[in-house]
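Hi everyone, thanks for coming. Let me put the structure up, and then we can walk through some of its packing together.

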Amino acid sequence: MAVVMDKNATHTVKASLVLGALGVVFGDIGTSPLYTIKEIFGHATGVVANSGNIIGATSAVFWALMVVVTLKYVVLMLRADNRGEGGIMALLALAVSSVSNYPDLKKKLFLIGTFGACLFYGECIITPAISVLSAVEGMALISPSLAEFVLPITVAILISLFAVQRFGTQVVARFYAPIIVLWFAAMGAVGFWQICKTPAVLEALNPVNALAFLQARGWGVFATVGMVVLAITGAETLYADMGHFGKKSIRLAWAILVFPGLALNYLGQGALLLSAPDAVSNPFFLAFPSFLLVPAVILATMATIIASQATISGAYSMTQQAIQLGLLPRMQIIHTSETESGQIYMPTVNWILLTAVLLAALGFRSSSDLASAYGIAITGTMLIATILTFYVIRYGWKYPLWLSLSATFFFLFLDVLLFASCAVKFFQGGWFPVVLALSLVTLMLTWKRGRELLLQHIYENDPKLVDFVEYMKDTTISRVERTAVFLVSDPRTAPQALMHNLKHNQVLHQRNLIVTVVFEDIPWVSDAHCLQCLQVGDGFWQITIRYGFMDKTDIPKALSALNQQGLFFEAFSTSYFLSRETVVPSQGGKMARWQEALFTLVSRNAGSVVSYFNIPSNSVIELGSRVHI
């Protein structure tokens, strides 16, 4: 009987993971049918909606889903996990660790991967804008007089969406899966209905029609492929959310509901255009019976909100990982769930993201104009992910060169074609994600370089910890019966806060913990390896706390493990001493003046280490110093 119960419990967990994946992972790619076919036959491509082109375009979309999403992401990319976590930041950490014996190659991959991560931010900005716009634009089909309200309603929805982020997604998430299930079921049903009315569209299942359609475009193939790319937007989310739901759940959800729903809907739109070419203005909504148009618009709006939620949450997670990898300064992170560590809210990121999304919506004003900007962000991230995957297969998994090339060369060729096709729209909006990514890369690399120089200055100018502890043995400084925690970036030097406290207060604590936090390039660090303790002298201990880039940082909780190692730690008798370095730009430094100015500006506005490490604010003593780099 016990065995049966365990088996049922396992099935329940798997079912919940599949439903969770449906509610979060597939929202983005699930809203692509709203605009993909419409844009392929838009003015930008010049493709005429005749029967041959309709069959060919539908075939191209179907096989893009089959090859790029199913074969590349669902079959191949989901295998390249970093301790169960996915996403380009996790893939970057995996690729860099795989080539650790090749320093030059490691630096190049780090730069490429960082640019890919920054392109993902462009996707996080464009997805809410284009998804909500494309759904609300359906109102114009209900009544042309409603067209003037599309933009104001879009802005109102976006503001509301970002405003509720501070409450967390735990309560709302339970409603996501049923809506998305209904969404894919509705898309599949209406598509099947249209296919039954015009079964000739099934010729699109032959890949020869896709190749013939693209070949007939000539040089215009780049513009056409740039719009076909819209069908696979959100494919990166399948990989990024692997750690939350598991590869098996994602694969199962894709095979059972998502791919059939998408394929039927795209074929259904093609069938509609074969019988009514005038429906090219908005084939998604016009595929529904007229009496279902209003419910379809409402359901589409709800689905786009869910798709936007997925990318917003992804931006939070990506930023948290970038902070822990040393690419961004500390920011406030609020955990909105007591049981799910991945559910976080970052106020700074939220409002910056809202501002950027509103500017994108108001600047481009329509989903069609945003489509050009969307493609470069998507395909650029995909291309970089394929490059990183090659190095993981070759150097991480130790596969032969011929096998590594066989597994990635076809996808690399395809990604280059897709990226080049989207790049032709650079001046029609494609510049937006590129400029954004370059700006973020500059910020990240400046911050990383500035921190390296700052740590180098501290190490070269501050006394060594071992020498300082040895010197203190012969002093008569009085000691108080409390514990002092000093957070340091370099454990080899004596903390400046310790020396300032000794200079001004002439007192030492009975127990002095020199704490260094190290972020590993893996998602999670086990409790057994999280904390290391080494006594360096009478009353002095060197503590190293290790976190993965997905771990929740909580120093008091980590230090409580010292009690199991025989070192008394009591939260109410502990003071935390922090040293805040004020960076002062100087002539002849190791950074360009503009970089120094940027690093100084960012450093002064960095988030508090107190909230970032979950340290009780009433136990903190902060001492400052000025540093020239």
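Let's start with tryptophan 254 and phenylalanine 259: both are buried, where buried means under 20% relative accessible area, exposed over 50%, and partly exposed in between, with a 1.4 Å probe and protein chains only. Before I go on, please keep in mind that this is a predicted model: local features need pLDDT of at least 70, side-chain atom pairs count only at pLDDT 80 or more, and totals for chains, interfaces and linings use all residues. Residues are numbered from 1 along each chain as its sequence is written, and side-chain values use heavy atoms, with hydrogens and water left out.

How do we describe a pair of aromatic rings? By the distance of the centres and the angle of the planes. Rings of Phe, Tyr and Trp (its six-membered ring) pair if their centres lie within 6.5 Å; planes under 30 degrees apart are stacked, over 60 edge-to-face, and the rest tilted. That rule gives 22 aromatic pairs. Tryptophan 447 is in helix 20 (residues 431–461) and phenylalanine 599 in helix 25 (residues 593–604), so the pair ties together parts 152 residues apart in sequence. Helices here are DSSP runs (H or I, at least four residues), numbered from the N terminus. Tryptophan 447 counts as buried at 9% relative accessibility, and phenylalanine 599 is buried at 1%.

Now for helix 5 (residues 88–98). Here 10 of the 11 residues are buried, so the helix is largely enclosed by the rest of the structure. Among the buried ones are Ile88, Met89, Leu91 and Ser98. What do they pack against? The buried residues of helix 5 pack against helix 6, helix 12 (235–240), helix 16 (293–324) and helix 18 (367–396), with contact meaning heavy atoms within 4.5 Å.

Helix 6 (residues 103–136) also meets helix 17 (residues 347–364): their axes come within 8 Å and cross at roughly 50°. The axes are lines fitted to C-alpha atoms over the stretch in contact, with angles from 0 to 180 degrees between N-to-C directions. Making that contact are residues including Cys124 and Pro128 of helix 6, and Leu353 and Ala360 of helix 17.

That's my tour, so over to you!

Terms used:
Helices (H or I, at least four residues) and strands (E, at least two) are DSSP runs, numbered from the N terminus.
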